[in-house]
Amino acid sequence: MEEAFRLELQNITKRFDKTLANDGVTLRVKRGEVHALIGENGAGKSTLMNILYGLVKPDSGKILLDGKPLTINSPKDSIANGIGMVHQHFMLAPSLTVAENIVLGHPPTRSNIWKPSKLKEKMKTLEADFNFDVPLNAVTGGLTVGLMQRVEIVKTLYRGAEIIILDEPTAVLTPQEAEELFVSIRKLTQAGHTVIFISHKLKEVMEISDTITVMRAGRVVGTVNKEDVDAEQLAQMMIGRELKGVTRAEIDKGEVALKVDDLNVLGDDGIGAVNGLSLEVHLGEIVGIAGVEGNGQTELSEAILGVRKCKSGKVFIDGKDVTTASVGSRIEHGLGFIAQDRVKEGLALDFSIRDNLVLKSRKKEPISKNGIMRWRNASKMSRKMIEDYAIKANGEEEKVQSLSGGNMQKVVVARELSQSPKLVIACQPTRGVDIGASEYIRSMLVKLRDQGNAVLVISADLDEIMELSDRILVMFEGRKTGELSSSQANEQRIGKMMFGQNEGEVTEP
Ligand SMILES: Nc1ncnc2c1ncn2[C@@H]1O[C@H](COP(=O)(O)OP(=O)(O)O)[C@@H](O)[C@H]1O
Ligand SMILES: [Mg+2]
């Protein structure tokens, strides 16, 4: 007899203007499994799940629950059928308490009218069964991201969800928080719940899922059992070609290119964001800064670039004190900068891709000669960068503002790295960028290092930090809580330091 599926999406198609976000997608999910839905940014994963949850109406296709056709016109319908979703961006009301958020929007009937005692009782079972303890009386806005996510999941369970969709849940979590989430996911499936887990992090997909469906460009590439594949094969399915991986040369590190000495920097709120931090980056070395976002990394990078004032302490580039120097003079000293907020700081949106790409080389040969622009050379160079970085655009004349976020990022990176800067500060260099292009960006950073330049990478993506760095610093509340060489580093160690626990393991390699 054929196995009955808990949930079937059949031949779902959805078009947004020019984009075919879902193109005849079929997804079959078994009862009690963790079914991972993976694919690069823009592959169509969220669209498919928003259709299942009733937030987006498909152009065509069918949804079956336990073999029976299901009509879903709004999230109300999906909730009534036991389907719950936790979005990439949380939808909790920050000023309400956790308890209020959990019952919010839950239509009170005579049997479930909200009584604090009743909620407590229900919470006790959720806590015991699924490892979900949440502080019911706390104000939601003050919780950590990990806790907020837990509240979101509890909220779906409180409404009776048996199929739980988690859209990129680990993107915002530390490794420890992700592990805790996985413990809960396992308990949920053991109790018969079904989990659809969206991710593009292959390591965790291999850890948590039973079945994996891979999407690419709006279509399903395949559905496989976890036992039958490895991460490499999944990556190939996702990007449609083989990944080469990043290799690095054995080189000796040189002089100190960047020195930050006992730096104190205030945040926008006037409170200390960077608190007495010191670091050095040598030529021929990549130093990575790990940490949960919002622990002073942004302010540190802005102080090094010169767009944020230092309260005290000093910054040296190439041995020169640049603490009060202008951004321009720092760039003249060899500083390249990949901004985190590329739209605000990195690009002239109203200009073409070409103009943005040659922004920093426009006064040099072969882009100009004797003060006269050589547009043919500018176009030629731009076309090569568009090809190398796989920037999705209709030619070099297209305005930057019409590109997707990931492609804008590639323009910034291509421009900054093409200058072969002696020192690069790369902030979240691959955020929002496809795996294929991420690999290229990382390989370019390593190439710069191999050529004897200095690189400081600031990233919330721990895998990225570990892949790139010769040395890793961990930041917590504006301080350095640990420093490890790449051979000493592992996720658990770094994860602890990200919470300010350093086990006295600070080492100076
Ligand atoms: N509301 C929308 N309007 C227009 N285009 C959209 C909308 N939602 C998604 N898209 C487009 O559909 C494609 C798939 O997006 P999405 O489902 O969010 O992908 P994923 O979740 O896999 O990253 C992308 O090209 C995206 O830009
Ligand atoms: Mg998505």
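Nine residues of domain 1 are in contact with eight residues of domain 2. This is a predicted model. Domain 1 covers 7-239. Domain 2 is made of two stretches, 256-351 and 420-497.

**Where the domains meet**

- On the domain 1 side, α6 (175-190) and α8 (231-239) are the elements that give two or more residues to the contact with domain 2.
- α8 gives the most to this side, with three residues.
- The residues of domain 1 that touch domain 2 comprise four nonpolar, four polar and one charged.
- Between the C-alpha centres of domain 1 and domain 2 there are 34 Å.

**Around ligand 1**

- The shell around ligand 1 includes Phe16, Thr19 and Ala21.
- Gly39, Asn41, Gly42, Ala43 and Gly44 also surround ligand 1.
- Lys45, Ser46 and Thr47 are part of the shell around ligand 1 too.
- Two elements, β2 (19-29) and α1 (45-52), each supply at least two residues of this shell.
- α1 gives the most to the shell, with three residues.
- By class, the shell around ligand 1 has seven polar residues, three nonpolar and one charged.

**In brief**

- α8 is the top contributor on the side of domain 1 that touches domain 2.
- For the shell around ligand 1, the top contributor is α1.

Terms used:
Residues numbered from 1 in each chain as written. Chains lettered and ligands numbered in written order. Predicted model: local features only at pLDDT ≥ 70, side-chain atom pairs only at ≥ 80, totals over all residues. Domains from an automatic or database assignment. Contact = placed C-beta atoms within 7 Å. Helix = DSSP H or I, 4+ residues; strand = E, 2+ residues; numbered from the N terminus. Nonpolar A, V, L, I, M, F, W, Y, C, P; charged D, E, K, R; others polar. Near = placed C-beta within 6 Å.
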